[in-house]
Amino acid sequence: PFMIWVAGLLGFLLMAFEMIIAAPLWAIMHMHPEGHEVAGLGTQGYKLAFAIITRPFLMIVGLIGGYALFEGFAELVTPMIAKVIISSQDTGGDFVGPFDMIGAVGVYVTLIVIVAYEAFKLVILLPERVMAWANAGHQGYNESQTVDKQQRAHEGAKKVASDTETVQRQNMTK
């Protein structure tokens, strides 16, 4: 959740910086010669300002919603995995039981990590989707890709740790 929040906050700060840089141009766009509209050609600037004003609130709502989804899914899955672990201890026997239990815990941890990434992406996705519904969408700064890169790095580190553990087990059996 922290990495996703930082990526979302970085996107917000980049949007705010963009608005600061674009403010003089926005003012000029209000002064076009054919002033048939109140905002003139500066309508897009109001949409960007609206997106900047509402984004922090929507990020907080996304964080709370992500936490609620994560907790709900964890409450749903945890009893099922607990039953799998208990049954593997009861039926596995001498050598297989502990490895079944470790495998079940590995499946549980992997599932919870995936759910955490997907649930807490609401911090980034909720502001983007709500602004798209309000027709005030703003092209983001690829915050989702930043989170995906972090997730792939996490999976790579997990694979290296798993490979190291497999080599150590093979060395212990020799």
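Start by selecting F2, M3 and V6: together they make a nonpolar surface patch of about 310 Å². Patches here join nonpolar side chains (Val, Leu, Ile, Met, Phe, Trp, Tyr) within 5 Å, from residues with over 30% relative accessible area and no salt bridge, a salt bridge being a side-chain nitrogen of Lys or Arg within 4 Å of a carboxyl oxygen of Asp or Glu. Areas come from the Shrake-Rupley method with a 1.4 Å probe.

A quick note before moving on: this is a predicted model, where local features need pLDDT of at least 70, side-chain atom pairs count only at pLDDT 80 or more, and totals for chains, interfaces and linings use all residues. Residues are numbered from 1 along each chain as its sequence is written, and side-chain values use heavy atoms, leaving out hydrogens and water.

Next, select residues 2-29, helix α1, where V6 sits. Helices are DSSP runs of H or I, at least four residues long. Colour I4, A7, G8, G11, F12, M15 and M19 to see the buried residues of α1.

Move along to A22, where α1 bends by about 50°; the bend is the angle between axes fitted to the seven residues ending there and the seven starting there. A proline, P24, follows within four residues.

Finally, zoom out to the whole protein chain. You will find five helices and zero strands, and 26% of the 174 residues count as buried. The accessible surface comes to about 11,600 Å², with 70% belonging to carbon and sulfur atoms.

Methods: Helices (H or I, at least four residues) and strands (E, at least two) are DSSP runs, numbered from the N terminus. Buried means under 20% relative accessible area, exposed over 50%, partly exposed in between (1.4 Å probe, protein chains only). Patches are made of residues with over 30% relative accessible area and no salt bridge: like charges are joined within 9 Å, nonpolar side chains (Val, Leu, Ile, Met, Phe, Trp, Tyr) within 5 Å.
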